[in-house]
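Trainee: Could we go through this structure together and check each label against its cut-off?
Mentor: Gladly; let us look at it first.

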Amino acid sequence: MSIKGKAYIMGAFEHPTRDAPDKTTAQLHAECAKGALEDAGLTKDDVDGYFCAGDAPGFGALSMLDYMGLKNVRHLDSTETGGSSYIVHVGHAAQAIAAGKCNVALITLAGRPRQTGNRPASRAGGGGGAPQGLSDGPPEAGFENIYGGTTHNTYGMCAMRHMYEYGTTSEQLAWIKVAASHHAQWNEHAYLKNVVTVEEVVNSRMISDPLHLLDCCVVTDGGGALIVTSPEIARSLKRPKVKVIGAGEAPKGPLGGQHLDLTHSGAVWSGPRAFEEAGVKPADIKYASIYDSFTITVLMQLEDLGFCEKGQGGKFVADGNLISGVGKLPFNTDGGGLCNNHPTNRGGITKVIEAVRQLRGEAHPKVQVQNCDLAIAHGTGGSLGVRHGSGTVILEREA
Amino acid sequence: MSETQEKPALMTRPIPAPAVTVESKPFWDAAAEGRFLIKRCNACGKAHWYPRTICPLCGSDDTVWQESPGEGVIYTYSVMHRSPTGPYALGYVTLDEGPAVMTNFVDVAPDGLKIGMRVKVKFQPTENGPPVPVFTPV
């Protein structure tokens, strides 16, 4: 059964904070939920499906349902694919709605990495993972965690291999940050609002080669929420209707070390699944939200989603081709994770939020894509360099 | 004295003790003797990494430990410069037996690594744990 046209995103909210010393993580989740419900014109008692991932504190969904007073929930989903979870949740919410399991699905993300030492809550011991003492820990830990892998150097390994195989350059990667910064200058909430140049990116401090400081995303507190509803409820609301027309998901890992391939992501599977379901092609897409934990993340995903040939991502992004009003594929017009917001180190939900803004015509006028009727939101969670989950949704404006 | 000055430049970072499980204990016991073991599956004939009781490639439970010379080539790497103990290189080695192994590269300068370079395993001591495999250019 296809989810095409079976669900609509009718509420979206991005928390304005980027630094939350005086709030709890549960509070941020609840503020985001409230914001998205108000945006849709619904109340908490309308919510009958709830979706969250490892950033939800305590016992995850159970703690958050009780905290927020969501008394009518009859469908739960805590699918965890890292930062892509919330994009995967949109597809799962559409499935649940299509199957009659719920009519109003709430998806939340929130966290405070700036306050808790730059670690997702789930990794700091207080998050949504298995209770301590009942688990051996990750099965790979003894053979991987000892080597000092971080998000920076595991993505650095991908960039190094991509450069080796395809001749991609640091200057080409830098264009991705340049484009994001051109968009962020118009976003009053963006964490970094200054426009940067290719030279500034490649001359910034080396973090883990070949990734420089400005190849990396921001670390921010905050969060976001989405409301996905049935077509009947969507028609009863006063907001522009954003239809979910395709969704795909895919895990990817080294699989015994015999299949290590760090120049491709799970988008090679999640993308085609979403495009096929939607019945559209990459060339039809007017706006792209592409997860941007690092510049290399964007480059690989653009290739894997079919916006250009494999290995041609560097040429594709150069010369401002991702800048709205300038290039062929406007991307991350809120400034993305590279400049705007990467709440709790898991920015997937912000990708969907900005796609919704674009399709509603509610993006900043300086970055609004003209006649934006078809958008993609895509994310990667975990680490491209080790194991990750990939999520793609294709969204259409309904007149 | 001179060791503490040379080590960071050669990227020999301190490595924490690995988590040893009932499943991985034979590997770490061999590591303590300086032997590098990998798992090979008798059903499909392929070696895999990291070691598991059930073959992740074919699903058979007929897997055996096999001693490996621990030689291969660098698939990729990245030198982390933001580190309180000096730069260190994370990377993958494609073993001659096939599987890719996550590791650190040691006894080499940060600019001395290249993809495709031949490397060999050595064991580096940890605090309160068995020594762990790292790789160094041949």
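Mentor: Let us begin with A:D39, which has a relative accessible area of 18%. Keep in mind that this is a predicted model.

Trainee: Why is A:D39 called buried?
Mentor: Buried means under 20% relative accessible area, and A:D39 has 18%, so the label applies.

Trainee: What makes A:R239 and A:D39 a salt bridge?
Mentor: The closest N and O atoms of A:R239 and A:D39 are 2.9 Å apart. The cut-off is 4 Å between a side-chain nitrogen of Lys or Arg and a carboxyl oxygen of Asp or Glu, so this Arg and Asp qualify.

Trainee: Where in the chain do A:R239 and A:D39 lie?
Mentor: A:R239 is in the loop between α8 (231-236) and β8 (241-252) of chain A, and A:D39 is in helix α1 (residues 25-40) of chain A. The two are 200 residues apart, and the pair links distant parts of the chain.

Trainee: Why does A:R239 count as partly exposed?
Mentor: Its relative accessibility is 22%. Partly exposed runs between the 20% limit for buried and the 50% limit for exposed, so 22% falls in that class.

Trainee: How do you know that A:R357 and A:E14 form a salt bridge?
Mentor: Their closest N and O atoms are 2.6 Å apart, and the limit is 4 Å, so the Arg and Glu pass. A:R357 lies in helix α13 (residues 348-360) of chain A and A:E14 in strand β1 (residues 7-14) of chain A, so the pair ties together parts that are 343 residues apart in sequence.

Trainee: Are A:E14 and A:R357 buried or partly exposed?
Mentor: A:E14 has 11% relative accessibility and counts as buried, while A:R357 has a relative accessible area of 22% and is partly exposed.

Trainee: What makes A:R161 and A:E165 a pair within one helix?
Mentor: Both lie in helix α5 (residues 151-166) of chain A, four residues apart, about one turn of the helix. A:R161 is buried at 13%, and A:E165 is partly exposed at 35%.

Trainee: Which residues do salt bridges with shared partners join into one network?
Mentor: A:E14, A:R18, A:E354 and A:R357. Over all chains, a search of the whole structure finds 32 salt bridges.

Trainee: How do α1(A) and α2(A) cross?
Mentor: Their axes come within 10 Å and cross at roughly 65°, and the crossing is right-handed. On the α1(A) side, A:A26, A:Q27, A:H29, A:A30 and A:A33 meet A:M64, A:Y67 and A:M68 in α2(A). The residues of this contact divide into six nonpolar, two polar and no charged.

Trainee: Which residues have the most contacts inside the largest nonpolar core?
Mentor: They are A:L322, A:I394 and B:F105, in a core of 88 residues. A:I394 touches, among others, A:V244, A:I245, A:F275 and A:L374. A second, separate core has 35 residues, including A:I3 and A:V352.

Trainee: Why is A:Q358 called buried?
Mentor: Its relative accessible area is 0%, under the 20% limit, so A:Q358 is buried. A:Q358 is in helix α13 of chain A, and its contacts include A:Y287, A:T333, A:V367 and A:C372.

Notes:
Residues are numbered from 1 along each chain as its sequence is written. Chains are lettered from A and ligands numbered from 1 in the order in which they are written. This is a predicted model: local features need pLDDT of at least 70, side-chain atom pairs count only at pLDDT 80 or more; totals for chains, interfaces and linings use all residues. Side-chain values use heavy atoms; hydrogens and water are left out. Buried means under 20% relative accessible area, exposed over 50%, partly exposed in between (1.4 Å probe, protein chains only). Axes are lines fitted to C-alpha atoms, for helices over the stretch in contact, and angles run from 0 to 180 degrees between N-to-C directions. A crossing is left-handed if the near helix is turned anticlockwise from the far one by less than a right angle, and right-handed if clockwise. Contact means heavy atoms within 4.5 Å. Ala, Val, Leu, Ile, Met, Phe, Trp, Tyr, Cys and Pro count as nonpolar, Asp, Glu, Lys and Arg as charged, and the others, Gly among them, as polar. A nonpolar core is a set of buried Ala, Val, Leu, Ile, Met, Phe, Trp, Tyr and Cys residues joined through side-chain atoms within 4.5 Å. Lists of a residue's contacts leave out its neighbours within four places in sequence.
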